[in-house]
Amino acid sequence: MSKGLFITFEGIDGCGKSTQLELLSDKLKELGKDYIVVREPGGTVVGEKIRNILLDKKNDSMVPLAELLLYEAARAQITEEVIRPSLEKGIIVICDRFFDSTTAYQGYARELGADLTDMLNKTATAGLKPDITFLLDLDSITALKRRTGRGEEDRLEALGTSFQDKVREGYLKAASEDPRIRKIDASRTPEEIFEEIMRWLSETL
Ligand SMILES: Nc1ncnc2c1ncn2[C@@H]1O[C@H](COP(=O)(O)OP(=O)(O)OP(=O)(O)O)[C@@H](O)[C@H]1O
Ligand SMILES: [Mg+2]
């Protein structure tokens, strides 16, 4: 078993994952904790290359199955190269997205099905699961508003709010099936959201 703590942030594009991750990172630094922050897809040399393929708008001919397998490839790499070794050393790992993203985006919204995504998620991570996952739950319109002004959207973001609505539904379904996933109302201020996150983490940190 791993000794570190594995924390992941999930939610639709623009819900506030990176914002909360940064707040948590600052807090852990203040507390003198040993931690790393990683992001999915990416976080390794190979993974960042895969990330560029996935987010490139020129790749609009990519079929859903190819998308799924690329995500899993990046995941296998970061899990074996970074996450598992860090946890074994007792380091706290905070990850911006992990396999719940695949469950919501590819399994549910892209309709590849939970059987396939569950099986591939398990294979790519060799069974590693986050200790706690914060699902920042937000409606797609508010998320879109938050994102505007942040520059050009990437290939997945360009799919619009009806796709994001479906992703949100997929996340909520996953949260209802697994107590590991803590649903957080992300329509509030960053400070209010962070306070709730710290309340959940106070016992484990
Ligand atoms: N609670 C909040 N209330 C209002 N605005 C917020 C809140 N949290 C984050 N924002 C702003 O919304 C935008 C999106 O936030 P952020 O980048 O943290 O989301 P994200 O979930 O990481 O997005 P992505 O999935 O695209 O990486 C940013 O401009 C951020 O400053
Ligand atoms: Mg982000």
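Two strands are taken to pair if DSSP finds at least two bridges between them; strands (E, at least two residues) and helices (H or I, at least four) are DSSP runs numbered from the N terminus. The model is predicted: local features need pLDDT of at least 70, side-chain atom pairs count only at pLDDT 80 or more, and totals for chains, interfaces and linings use all residues. Residues are numbered from 1 along each chain as its sequence is written, with chains lettered from A and ligands numbered from 1 in the order in which they are written.

An open sheet of 5 strands shows parallel pairing in the order 2-3-1-4-5. Strand 2 (35-39) and strand 5 (181-185) lie at the edges with a single partner strand each, so one side of each is left without a neighbour in the sheet. Strand 5 is joined in parallel to strand 4 (residues 132-137) by 5 bridges, and Arg182 is the bridge partner of Phe134.

Helix 4 (residues 99-109) is mostly covered, with 11 of its 11 residues buried (20 or more other C-beta atoms within 10 Å of the residue's own, all placed from the backbone). These residues pack against strand 1 (6-10), helix 3 (64-88), helix 5 (114-125), strand 4, helix 7 (161-177) and strand 5, where contact requires C-beta atoms within 7 Å. Just after helix 4, Glu111 adopts a positive phi of about 60 degrees.

Around ligand 1 stand 14 residues, of which Gly16, Lys17, Ser18, Thr19 and Arg146 come nearest; a residue is near if its C-beta atom, placed from the backbone, lies within 6 Å. Helix 1 (17-30), helix 6 (140-147) and helix 8 (190-201) each give two or more residues to this shell, and helix 1 gives the most, with 3.

Conventions:
A residue is buried if 20 or more other C-beta atoms lie within 10 Å of its own, exposed if 12 or fewer, and partly exposed in between; C-beta atoms are placed from the backbone. Two residues are in contact if their C-beta atoms, placed from the backbone, lie within 7 Å.
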